[in-house]
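Welcome! Here is a short briefing to read alongside the sequence and the 3D view. Take a look at both, then follow the topics below.

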Amino acid sequence: MFEYTKLILFTSCLLIGQLRAQTDCGTCGNACCTMEFQVDQKSEDLTNLMKDNLMKGGQDGNYRFIKFLNLTNQERPSGVRYIIQAGHLGKSSNASLQFLIASNYSLTSTVRGFSISTLAKDLCDSGKNYMLMMDFVKNLAVDFKYKSLFGCSKTF
Ligand SMILES: *[C@@H]1O[C@H](CO)[C@@H](O)[C@H](O)[C@H]1NC(C)=O
Ligand SMILES: *[C@@H]1O[C@H](CO)[C@@H](O)[C@H](O)[C@H]1NC(C)=O
Ligand SMILES: *[C@@H]1O[C@H](CO)[C@@H](O)[C@H](O)[C@H]1NC(C)=O
């Protein structure tokens, strides 16, 4: 059920059909999307790449870097190494983004990403939260696989 999908074509989520298919309605109290990405990068490099990208505003200039936590000295068995918090300020909608970066000292990392609409009028997000996750990771120009974990296309 939760098989990873390998991204082959660099397609934009702005394709209307895809957005409609990824519309979430209120799964997390408001619209949300939780994705998991398998990325061919060491966690330290990937974290720096994500931070830099957020500080530059991401692919549309509207992402905002908020906070970064380095947990590498805590030796968590699950391999959790970094937490990044961010936001996206759109013209008519805002979202709060959370990323967890995990790795067991390997050349690949697992990223768990969560996006939730923060304005009540966005109970149904037209695929926005899914798009914020996917387009952000695509913009990093790294090889990755992905899967949806929660929300992303559900209706409460
Ligand atoms: C996290 O902390 C470790 C240990 O201090 C350090 O080696 C590593 O470079 C830090 N990672 C990042 C992305 O800053
Ligand atoms: C999004 O958040 C920013 C910063 O808090 C705020 O200034 C802006 O009005 C919000 N956007 C909307 C559409 O409410
Ligand atoms: C790290 O290893 C632990 C124990 O085998 C496993 O549960 C966890 O999923 C691994 N984490 C990653 C990011 O591979």
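L54 sits in helix α2, where helices (H or I, at least four residues) and strands (E, at least two) are DSSP runs numbered from the N terminus. This is a predicted model, in which local features need pLDDT of at least 70 and side-chain atom pairs count only at pLDDT 80 or more, while totals for chains, interfaces and linings use all residues. Residues are numbered from 1 along each chain as its sequence is written, and chains are lettered from A and ligands numbered from 1 in the order in which they are written.

**Around L54**
- L54 is buried because 22 other C-beta atoms lie within 10 Å; buried means 20 or more such atoms, with C-beta atoms placed from the backbone.
- Leaving aside neighbours within four places in sequence, L54 contacts Y63, F65 and A86 (contact: C-beta atoms, placed from the backbone, within 7 Å).
- Between L54 and H88 there are 9.6 Å, C-alpha to C-alpha, although the two are 34 residues apart in sequence.

**The nonpolar core**
- The largest nonpolar core has 30 residues, and F37 and M133 have the most contacts inside it (a core is a set of buried Ala, Val, Leu, Ile, Met, Phe, Trp, Tyr and Cys residues joined through C-beta atoms within 7 Å).
- Elements giving two or more residues to this core include β2 (32–39), α2 (43–55) and α3 (128–139).
- The most comes from α3, with seven residues.
- Not counting residues up to four places away in sequence, F37 touches V111, G113, V137, F144 and Y146.

Technical notes:
Buried ≥ 20, exposed ≤ 12 C-beta atoms within 10 Å, placed from the backbone. Contact = placed C-beta atoms within 7 Å.
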